[in-house]
Amino acid sequence: MILSLSGRIQTRLIIIITVGSIVTALATPFIPSSSLSQMGMSNVIMTRFATTILNPNQQGILFVNYQMAFETLGLMAGVGVLWELIYFQAEKLRHDRDWPAVFVLFQVLPEGVVLWYVAHMAGVFPAGTLGLSSPVLEMFVIHLALVWLAIWMFLLGPMRVLAPYWHWHGGQFRWIDQLLGRLFTRSPRSQGTRFATAGSVATTQSAAPTG
Amino acid sequence: MNSKFFMVSVGGGLGSFALVDQLRSLGTSTDSIAVVSIFETPYRRLKTLLENSQVKSTDRLRSDSQARIDNPWGFPSYSMSEARTRKSLAPLARAALEPIVMEYFTPRADLVYRGLERESGRIAWTSMVSLGPALAIRCSRGGGYYIVKICDQSWRRLVSNLPKLPLTNNNDQVDWELSPCMNTDIREIVAREFPGTLEWVRDNLSLSPWINQECFRKGDLPNHLEILESRYVHLASGYTSLNLDAAIFGDSQRPVHVGETKVVHTYHPHDVDLESYIKEDSPVIVRGAGIAASQELNRAIELRRTNRSRSKIIHVVNSGDDIALSDTTAIEDLKLSKLNKLPVRKFPFVFPRGAASGSLAKELTRKTPRDLVGTIAALGRPSSPKRKVWESNTSLAQDQGWLTTLAGTLVIDHSQDQAVPGLMIDGKHDRITVKRGLLIDCTGLKCDVDEDLLTDDLLACGIGHKNSLGRLYVDQQFRVNVNNHDGALFASGPLILGCSCAPVDSFWGLQFVAQEILSQLDLAPKILSRGQKNTLVAWFSWIRGARP
């Protein structure tokens, strides 16, 4: 199946909120991140902890890691929407007007690089950690790779079982479509109109023939 | 008269299967569904057509891995199943890396048949099949529809005798099992084997969409007819006949001889012919620019190689630039190695993959009917996929000088200096005469709603209408007709080409339309055996192979 533009954006947001969050929640404790505290970044940790009652001990580092991971995830969704606009235009250049799975898999490379910079600009990672020797780079890469792989595999299979409407309607979700349909009068394609109720159809003949 | 069904699907091929499979998966009981078909298995015609056109069980179809006709979820996909049966990761890698690193993954024919067989068993397909062709559909005053058909027992009795009956699509040597039995054949069989039936239908069912139950009072109905009543009807009668070139075949639906040249259609059974003509070094001409032509060419090339034959193989396409020869040349004197290679359109799928869903599909739904028809015709022009094996076979054959692609049309040569008419390839500049050889015409299938018994009647009585492509008109919800009391007549498959879904005859298209239909049905508890199943529960029963 090929995603429509609306489907791309909906899918990106929903999948990151669900699969992305679950993977992040489960994987963050196991991602190597001790380098941050070893590199004398305690000031960062202290700033981060100004809002919490925790002390900068082992659990505190985990908390910081979680915070950084989820903030990255949020940016991945936000910046991702812009990426989807680019992919959507690029898709039009292909004869088949499709976006093969292999593209989705390698999409993460340019997205990762941009995300790395954006995350620094947004202050997710402490200043001065932009270079290749950055203490958070390893954590960032592993986290991103895990999330992306999980999303990719999820979209290739289980998603179609859980959301058949998504599968048949270019990656759109029924409830979002219905919501959008209610907000904007022009309803999206095929909302499963039930016509069995009396009075909904006036004539015996379906419609006039075309041209 | 039988009790009222919830859904009757008329056709019994993959179109019907796609809908019934989804209905059954959700938990609809077998008692509330009927399938009107002339075959007991849903893939009988598909398999016959494929085998005839040289797609043997180990060859690959031209379909997407995820569009899995026996699994409405498309998961596990065909590539996953193939990986499991072959115990190899190669199919998975191919599906994951398509189309950049490797070719698009397409399923093997035997995997498709096996899947369909398993799923038919699971949903108890045969228990829902009511054998016999449908003759007419009328709206009931009380809601729903009546379907007049040849009754099950009469058709069974007929089919058991059919190997002895001459069939239009058959060679003399082959039997009923090899005939695709297209809709035009059904019309002929009904007219021949049940004389008076078509007249009875014409005289007793008025040419109006409506009918009163009194028409079917006991005793009035001929013995070999039966009537099904249903709230919803789904029409998926498929292609009506082979698309035969009248200039060569005339009125015949069977293989013909032009002088000493035998002309067959790719969907006529012709395995024996191909082999024997290759063995005797006669030229083989394949006409067409679609995948069937590529398949035939490849088969001819392989046969020529295994039989160490010296046949010339000529591929003729309608369009493209011709090669300048010196006026009329006999095929025997033609130096193929001196000719240029003519390119043929190469695309992985019939329609661009994005026409099924995604932005291109959305664009199609926004078009006006007139624009839509033009776009669909342009998008679906014949093309053939690039397959490594085929490419290497053809380029080797071209290099060795026994295969070429020419632009031109085929005509029968009645020139006076020849005692018997010969076949002629009429190029833009020059002509090539063929005295003896085999012509395989790969011009596809035809879906002419006037040719089909049932759709012809639907149009006549005003239940259905034609669209601009000459197929059956359906609205955005794939409805042909709505009975305002209660019920609707839906259609899917090649019959409705020209609707907002472009690839209507693909696995994806059939399933897409099926689920669009399903979303409109009123699945009341009484037709469900144990309540409506959640999609996840239904999927798990599919995985376990449990009856829904």
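Good morning. In chain A, 71% of the contacts with a separation of 6 or more are between residues 24 or more positions apart, where contact means heavy atoms within 4.5 Å. The structure is a predicted model, in which local features need pLDDT of at least 70 and side-chain atom pairs count only at pLDDT 80 or more, while totals for chains, interfaces and linings use all residues. Residues are numbered from 1 along each chain as its sequence is written, chains are lettered from A and ligands numbered from 1 in the order in which they are written, and side-chain values use heavy atoms, with hydrogens and water left out.

Let me stay with chain A for a moment. Chain A has nine helices and zero strands; helices (H or I, at least four residues) and strands (E, at least two) are DSSP runs, numbered from the N terminus. Of its 211 residues, 49% are buried. Here buried means under 20% relative accessible area, exposed means over 50%, and partly exposed lies in between, with a 1.4 Å probe and protein chains only. The accessible surface of chain A is about 10,500 Å², and carbon and sulfur atoms contribute 70% of that surface; the areas come from the Shrake-Rupley method with a 1.4 Å probe, and for residues only the protein chains shown count as cover.

I turn now to chain B, beginning with a helix. Helix H5(B), residues 109-122, spans 20 Å from its first C-alpha to its last, close to the 20 Å expected at 1.5 Å a residue; the expected span is 1.5 Å times one less than the number of residues. Ten of the 14 residues of H5(B) are buried, among them Leu111(B), Tyr113(B) and Arg122(B). These buried residues pack against several helices of chain B, including H1 (14-25), H6 (125-128) and H18 (535-544). After H5(B) comes Ala124(B), with a positive phi near 55°.

The next subject is a sheet. Six strands of chain B form an open, mixed sheet in the order S9-S10-S18-S11-S12-S14; two strands pair if DSSP finds at least two bridges between them. Its edge strands, S9 (256-258) and S14 (403-407) of chain B, each pair on one side only. Neighbouring strands are turned by 25° against each other on average, direction ignored. Within the sheet, S11(B) and S12(B) run parallel over four bridges, and Ile285(B) has Ile314(B) as its bridge partner in S12(B). Helix H11(B), residues 271-279, packs on the sheet and makes about 145° with S18(B). Helix H12(B), residues 291-306, lies across S11, S12, S14 and S18 of chain B, at about 170° to S12(B). For these angles, axes are lines fitted to C-alpha atoms, for helices over the stretch in contact, and values run from 0 to 180 degrees between N-to-C directions.

Which residues cover the two faces of strand S21(B)? Ala488(B) and Phe490(B) lie on one side, Leu489(B) and Ala491(B) on the other, and all are buried. S20(B) and S21(B) form a hairpin with five residues between them, and Gly487(B) in the turn has a positive phi of about 125°.

Finally, consider a loop residue. Asn243(B) sits between strand S8 (241-242) and helix H10 (246-249) of chain B, and is partly exposed at 29% relative accessible area. Asn243(B) and Leu445(B) are 202 residues apart in sequence, yet 4.7 Å apart C-alpha to C-alpha. Thank you.
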